[in-house]
Amino acid sequence: MNEAPPEARWSKLLVLDLDETLIHARGPSQGELPWPPHRRLGSYRVWLRPGLAEFLRHVLARFAGVGLWTVATSDYARGVASMLVDPARLAFIYSRGRCTALRDPDRGRRYWVKDIRKLSSTGFDEASILFVDDKPRGLERSYANLVPIHPFMGEPDDRELARLTRYLDELGPVEDVRSVDKRGWARREDL
Ligand SMILES: [Mg+2]
């Protein structure tokens, strides 16, 4: 666990998803987009969500801890993380190995869940942990901690991170983040 930066305002942990939350990546078998990628990681083309650098700067200054948690592999997670931010500034980079595999009995398919209990070693209690993720199902064990975000598919006119920054500024001072209903924030016109 890293020390909180001196300017941190809130003793809270912010856990960010990668794919379709902060970036959109396409492998070689996936088609083109009308917009050229911003980065490349091996055979992946990577589009950064507009406003990403400002967003990360903001949350790293405000939250006592910022971690990344993806269901992707650890190599991919570390590769993407280091194109976004100095990994030393992150509380952790968690990947699929930290996820829990569950089976959907209707479809017979496996899916991955990010279990909030695996964050107990970070020292933050569950009242002080926020997730931002485009896939609510992965947070089915902690919906009350989730700020759901519209999936980013590479669009250059996406503005969700600027709106999310303002919304997190509202949530930061809340004593127990689970007490706030966060489902409708994306439709709010005042953000
Ligand atoms: Mg995602």
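Donors are N, O and S atoms within 2.8 Å of the metal, and water is not among the atoms, so sites may look incomplete. The model is predicted. In this model the donor residues of the magnesium ion follow the spacing D-x1-D-x114-D in sequence. The ion is coordinated by Asp17 (OD), Asp19 (O) and Asp134 (OD), at 2.1 to 2.2 Å. Two of these residues tie distant parts of the chain together. Aspartate 19 sits in the loop between strand S1 (10–16) and strand S2 (23–26). Aspartate 134 sits in the loop between strand S9 (129–133) and strand S10 (146–148). The pair is 115 residues apart. Aspartate 134 has a relative accessible area of 13%. The limit for a buried residue is under 20%, and aspartate 134 is therefore buried.

The S1–S2 loop also holds glutamate 20. Its phi is near 65 degrees, a positive value in a residue other than glycine. Most residues other than glycine have a negative phi. Glutamate 20 is buried, at 16% relative accessible area.

The loop between S9 and S10 also contains arginine 137 and alanine 144. Arginine 137 counts as partly exposed, because its relative accessibility is 36%. Beyond four places in sequence, arginine 137 touches Asp104, Tyr111, Val113 and Tyr143. Arginine 137 and arginine 57 are 80 residues apart along the chain, and their C-alpha atoms are separated by 28 Å. Alanine 144 is likewise partly exposed, at 33% relative accessibility. With neighbours up to four places away left aside, alanine 144 is in contact with Val177, Arg178 and Lys182.

Helix packing was examined next. The axes of helix H1 (residues 52–62) and helix H3 (residues 160–171) come within 9 Å and cross at roughly 15 degrees. Angles under 35 degrees count as roughly parallel, and H1 and H3 are therefore roughly parallel to each other. The crossing of H1 past H3 is left-handed. On the H1 side, the contact is made by Leu52, Phe55, His58, Val59 and Arg62. These residues meet Leu161, Leu164, Thr165, Leu168 and Asp169 in H3. By class, the H1–H3 contact has six nonpolar, two polar and two charged residues. An α-helix has 3.6 residues a turn, so residues three or four places apart point the same way.

H1 is mostly covered, with eight of its 11 residues buried. The buried residues are Leu52, Phe55, Leu56, His58, Val59, Leu60, Ala61 and Arg62. The elements that cover them include S1, S2, S4, S5, H2 and H3. In helix H2 (residues 74–84), the buried residues are Tyr76, Ala77, Gly79, Val80, Ala81, Met83 and Leu84. Their cover includes S2, strand S3 (39–41), strand S4 (44–48), H1, strand S5 (63–69) and strand S6 (92–94).

Arginine 103 lies in strand S7 (residues 100–104). Its relative accessible area is 56%, and arginine 103 is therefore exposed. Not counting residues up to four places away in sequence, arginine 103 touches Gly108, Arg109, Arg110 and Tyr111. Arginine 103 and glutamate 189 are 86 residues apart in sequence and 38 Å apart in space, C-alpha to C-alpha. Proline 173 is placed in the segment after H3. At 55% relative accessibility, proline 173 counts as exposed. Leaving aside neighbours within four places in sequence, proline 173 is in contact with Trp10 and Lys12. Proline 173 and proline 50 are 123 residues apart in sequence; their C-alpha atoms are 26 Å apart in space.

Technical notes:
Residues are numbered from 1 along each chain as its sequence is written. This is a predicted model: local features need pLDDT of at least 70, side-chain atom pairs count only at pLDDT 80 or more; totals for chains, interfaces and linings use all residues. Side-chain values use heavy atoms; hydrogens and water are left out. Axes are lines fitted to C-alpha atoms, for helices over the stretch in contact, and angles run from 0 to 180 degrees between N-to-C directions. Helices (H or I, at least four residues) and strands (E, at least two) are DSSP runs, numbered from the N terminus. Angles under 35 degrees count as roughly parallel, over 145 as roughly antiparallel, 65 to 115 as roughly perpendicular and the rest as oblique. A crossing is left-handed if the near helix is turned anticlockwise from the far one by less than a right angle, and right-handed if clockwise. Contact means heavy atoms within 4.5 Å. Ala, Val, Leu, Ile, Met, Phe, Trp, Tyr, Cys and Pro count as nonpolar, Asp, Glu, Lys and Arg as charged, and the others, Gly among them, as polar. Donors are N, O and S atoms within 2.8 Å of the metal (3.2 Å for Na, K and Ca); water is not among the atoms, so sites may look incomplete. Buried means under 20% relative accessible area, exposed over 50%, partly exposed in between (1.4 Å probe, protein chains only).
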